[in-house]
Amino acid sequence: MILQCSNTIVQYCSVFLSSSFISQRFRDYLPQIISAIIMAPHKRSQKSMADFVFEDRVHKSTISRLFRSKAKDFASRDMHKTAVKSAIDRVLPDEPQPLTWLLSLDATGTKRGAYTRISGANQYRVKQTNAKGRSTKSFIWLMGLLVTDKGVRIPLPRYICFPKNYQKPGRPRKKRLTQLDLARLMLKELKKLIPEWVRIIVVGDAYYDCNKLIEAARKLGFVLIIPADGKRCFADEQNGAVSSKKRLTARGNRLQLKTFDELILVRGKERTAPYRRYSAKRPSQKVNRHYLVRHEERAVTRLGEVGIVYSWKCQTSSKGTEAKKLKVLMCSDPTMSGSEVAEWYDCRWTTTEI
């Protein structure tokens with residue numbers, strides 16, 4: 001049982017609890033919860049932590065019930081936002097100067113606990129006939145990792161994409177925000193935390209191929225680099241809102257490889273090396289990555305003028321170098337060269353590697 005928290009933990013928590021929008025209940029309980037995490041023996045479960053925090057423990061999920069019933073008081077995203085702002089202020093230089101930072105967007109599903117029993121959640125697999133158990137379902141967690149030009153990694157507050165039929169117990173049903181809506185919200189919140197002279201390059205997978213997300217990035221002054229959806233088409237020359245029914249991937253496959261430029265990225269010597277993190281435990285990892293890129297500035301249906309980069313990933317063997325896989329990248333800034341777009345997108349796979 002924690003009767004009194006140490007002054008060190010109280011001082012540590014005061015850094016995150018300095019904002020005025022954090023409730024008094026959060027100020028009272030956070031030092032105790034951190035102390036419980038440190039002092040709980042063996043497995044740090046909700047049951048063992050509850051033994052340290054509460055004098056009269058009623059149920060092993062007391063902490064979980066407290067957070068769920070007092071969600072407004074325990075707004076962890078607000079505390080996380082304060083920590084992100086503090087971290088950004090520390091890494092910024094004393095005098096304004098042009099900087100470029102990288103933001104990597106990704107999402108993952110959680111399929112544990114009561115979430116697997118909620119109807120309408122995203123389904124991982126289709127339940128077979130006469131199969132035991134229920135099909136696995138999940139909520140989607142949207143996460144963003146901000147990487148500075150010095151290699152400092154700052155995780156942004158995460159957002160949860162709820163299923164269509166989900167309703168919080170005891171609360172009225174609200175308008176459901178999709179994963180793309182939450183991505184736009186994350187970009188808007190980040191804009192409030194950084195100065196105007198910091199340029200943000202956002203990279204994501206093909207799921208973020210959305211006209212609203214690209215428009216939001218342009219308004220905020222961000223650069224969005226994403227793979228094009230396989231069904232994405234060029235815009236009609238007379239009416240940009242109408243599709244010409246000519247797909248980007250089809251044009252990329254028809255282009256002759258001799259019209260492409262060669263891009264070789266050497267491990268640790270890239271122009272974007274400060275934004276990457278390579279693992280020393282994986283010596284088998286390829287030192288060089290070979291690409292063939294070609295850049296075009298064309299109008300895409302509902303997206304307007306964007307930079308289009310056709311990128312072939314090459315594989316070297318005893319027979320020579322052979323183009324194996326085509327990926328069509330789109331950039332909201334048409335002025336960026338094809339090599340820059342391909343290299344920034346390549347950073348997405350090495351920002352979180354350990």
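Modeller: Buried means under 20% relative accessible area, exposed over 50%, and partly exposed in between, with a 1.4 Å probe and protein chains only. This is a predicted model, where local features need pLDDT of at least 70, side-chain atom pairs count only at pLDDT 80 or more, and totals for chains, interfaces and linings use all residues. Residues are numbered from 1 along each chain as its sequence is written, and side-chain values use heavy atoms, without hydrogens and water.

Biologist: Why is Cys 233 called buried?

Modeller: Its relative accessibility is 12%, and the cut-off is under 20%, so Cys 233 counts as buried.

Biologist: What makes Cys 314 buried?

Modeller: Cys 314 has 9% relative accessibility, so the term applies.

Biologist: How many disulfides are there?

Modeller: The count is 0; a disulfide is a pair of cysteine sulfur atoms within 2.5 Å.

Biologist: How many cavities of 30 Å³ or more does the whole structure hold?

Modeller: The search finds 1. A cavity is a set of points on a 1 Å grid over the protein atoms alone where a 1.4 Å probe fits but cannot get out. The largest cavity has about 80 Å³ of space.

Biologist: Which helices each supply at least two residues of its lining?

Modeller: Helix H5 (76-91) and helix H6 (179-191) do. Lining residues have an atom within 4 Å of a point, and among them are Arg 77, Tyr 159 and Met 186.

Conventions
1 Å grid on protein atoms, 1.4 Å probe; cavity = no way out; pocket = protein on both sides within 12 Å on 5 of 7 lines; lining within 4 Å. Points joined across faces, edges and corners; volume = space filled by probe spheres on them. Helix = DSSP H or I, 4+ residues; strand = E, 2+ residues; numbered from the N terminus.
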